[in-house]
Amino acid sequence: MRNRVTDEEISAKLKRRLTVSIDQGADNGAYSALVDEAFREAIANERGARADKDEKRRVQVAPVVAKLVDKLTPRELARLVLHDDVEAFARVTGFEPKRAAEYMRWLMADGSIFAIEMVEIGDAVKMELRGDDDEPIPTSELSDGQQTCAILPLVLLQGTHPILIDQPEDNVHGKFRSSTVIQALLEVKAVRQVILATHDANLVVLPLPRRVVVLGAKNRKGFLLLSGTLEETKAWIEEWLDGGSSAFLTRKTLYGH
């Protein structure tokens with residue numbers, strides 16, 4: 001039996017910035033898709049036309065598929081169909097025997113039932129990011145940048161092997177970079193090696209990296225300019241990522257610091 005990480009363990013690691021809930025064995029997406037495809041193909045073959053051109057019939061099939069997936073596991077469905085047990089099929093699903101026989105015939109067509117029998121039911125994962133008002137926001141409602149803020153800490157905190165991340169700042173609001181991305185980097189740096197490719201000075205400086213590598217590029221080829229500690233590379237960071245000392249000091253003055 002494969003090991004499972006509980007939603008409480010994951011959420012605790014993320015210090016509730018990201019709340020994760022796992023409903024084990026509740027992701028019927030692949031199962032539902034196979035049954036739906038089997039039905040539509042069978043309808044298409046019977047009518048001599050492509051199933052997706054018969055929208056009305058396809059819509060009528062949708063609740064049937066949903067009911068089958070809800071009432072029977074893939075293996076239970078396969079057992080009834082392969083044994084041609086119309087009576088049990090009708091009793092479990094609530095369909096009239098005539099309809100039950102038709103649906104079973106569709107599932108047997110082209111051997112679809114064998115693929116259905118082998119499909120795995122996954123876990124349904126729900127993730128929510130807490131916003132400025134501490135209210136949870138489902139990841140499905142987040143922008144690209146907010147989704148990065150939600151997923152990146154989860155990726156960083158799972159495992160201890162080295163990880164390479166390309167420009168984690170893309171589409172991420174500056175405030176979230178500090179509160180979420182940089183905080184996650186600080187928390188994980190003691191237990192795993194993280195290699196970042198970034199154009200953001202904050203992501204270079206604030207996580208206090210052990211080593212900074214400055215790269216250049218010419219004719220679509222990269223080359224090493226400098227490698228060293230944060231202290232040894234800070235002049236390059238200021239010039240290349242902060243716009244130079246003049247720009248840095250101007251912002252400092254404008255911000256009133």
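What follows is a guided reading of the fold, moving from the chain as a whole to its helix packing, its cores and a few loop residues.

The structure is a predicted model, and its protein chain holds 12 helices and seven strands. Of the 257 residues in this chain, 33% are buried, while the accessible surface comes to about 16,100 Å², with 52% of that area belonging to carbon and sulfur atoms. Among the contacts in the chain with a separation of 6 or more, 59% are made by residues 24 or more positions apart.

In soluble globular proteins, nonpolar side chains tend to be buried together. Here the largest nonpolar core has 28 residues, and those with the most contacts inside it are Tyr31, Val35, Phe39, Leu68, Leu77, Phe89 and Leu107. The elements that give two or more residues to this core are helix 2 (29–47), helix 3 (55–71), helix 4 (74–82), helix 5, helix 6 and helix 7 (112–118), and the largest share, six residues, comes from helix 2.

The packing of individual helices can be followed next. Two packed helices are described by the angle between their axes and the distance between the axes. For helix 2 and helix 6, the axes come within 8 Å and cross at roughly 95°; because angles of 65 to 115 degrees count as roughly perpendicular, helix 2 is roughly perpendicular to helix 6. On the side of helix 2 the contact is made by Val35, Ala38, Phe39, Ala42, Ile43 and Glu46, and on the side of helix 6 by Tyr103, Arg105, Trp106 and Leu107. Sorted by class, the residues of this contact are eight nonpolar, no polar and two charged. Val35, Phe39 and Leu107, which take part in this contact, are also among the residues with the most contacts inside the largest core.

Helix 6 (residues 97–108) also packs against helix 5 (residues 86–93), where the two axes come within 9 Å and cross at roughly 110°, and this pair is therefore roughly perpendicular as well. Helix 5 contributes Val86, Phe89 and Ala90 to the contact, and helix 6 contributes Pro97, Ala100, Ala101, Tyr103 and Met104. The contact of helix 5 with helix 6 has eight nonpolar residues, with no polar and no charged ones.

Another arrangement is found for helix 8 (residues 144–157) and helix 9 (residues 174–188), which pack at an angle of about 5° with their axes 9 Å apart. Since angles under 35 degrees count as roughly parallel, helix 8 is roughly parallel to helix 9. The contact joins Gln146, Cys149, Leu152, Pro153, Leu156 and Leu157 of helix 8 to Phe176, Thr180, Val181, Ala184, Leu185, Glu187 and Val188 of helix 9, and by class the residues are 10 nonpolar, two polar and one charged.

Proline 162 is found in the loop between helix 8 and strand 4 and is exposed, with a relative accessible area of 55%. The C-alpha atoms of proline 162 and glutamine 193 are separated by 4.6 Å, although the two residues are 31 residues apart along the chain; beyond its neighbours within four places in sequence, proline 162 is in contact with Arg192 and Gln193. Aspartate 170 lies in the loop between strand 4 (163–166) and helix 9, where it is partly exposed at a relative accessible area of 38%. Its C-alpha atom is separated by 9.5 Å from that of aspartate 200, which is 30 residues apart from it along the chain.

Two further loop residues concern the backbone. Aspartate 84, in the loop between helix 4 and helix 5, has a phi near 50°, a positive value in a residue other than glycine, and is exposed with a relative accessible area of 56%. Arginine 220, in the loop between strand 6 (212–218) and strand 7 (221–228), has a positive phi of about 65° although it is not a glycine, and counts as exposed at 86% relative accessibility.

Notes:
Residues are numbered from 1 along each chain as its sequence is written. This is a predicted model: local features need pLDDT of at least 70, side-chain atom pairs count only at pLDDT 80 or more; totals for chains, interfaces and linings use all residues. Side-chain values use heavy atoms; hydrogens and water are left out. Helices (H or I, at least four residues) and strands (E, at least two) are DSSP runs, numbered from the N terminus. Buried means under 20% relative accessible area, exposed over 50%, partly exposed in between (1.4 Å probe, protein chains only). Contact means heavy atoms within 4.5 Å. Accessible areas come from the Shrake-Rupley method with a 1.4 Å probe; for residues, only the protein chains shown count as cover. Axes are lines fitted to C-alpha atoms, for helices over the stretch in contact, and angles run from 0 to 180 degrees between N-to-C directions. Angles under 35 degrees count as roughly parallel, over 145 as roughly antiparallel, 65 to 115 as roughly perpendicular and the rest as oblique. Ala, Val, Leu, Ile, Met, Phe, Trp, Tyr, Cys and Pro count as nonpolar, Asp, Glu, Lys and Arg as charged, and the others, Gly among them, as polar. A nonpolar core is a set of buried Ala, Val, Leu, Ile, Met, Phe, Trp, Tyr and Cys residues joined through side-chain atoms within 4.5 Å.
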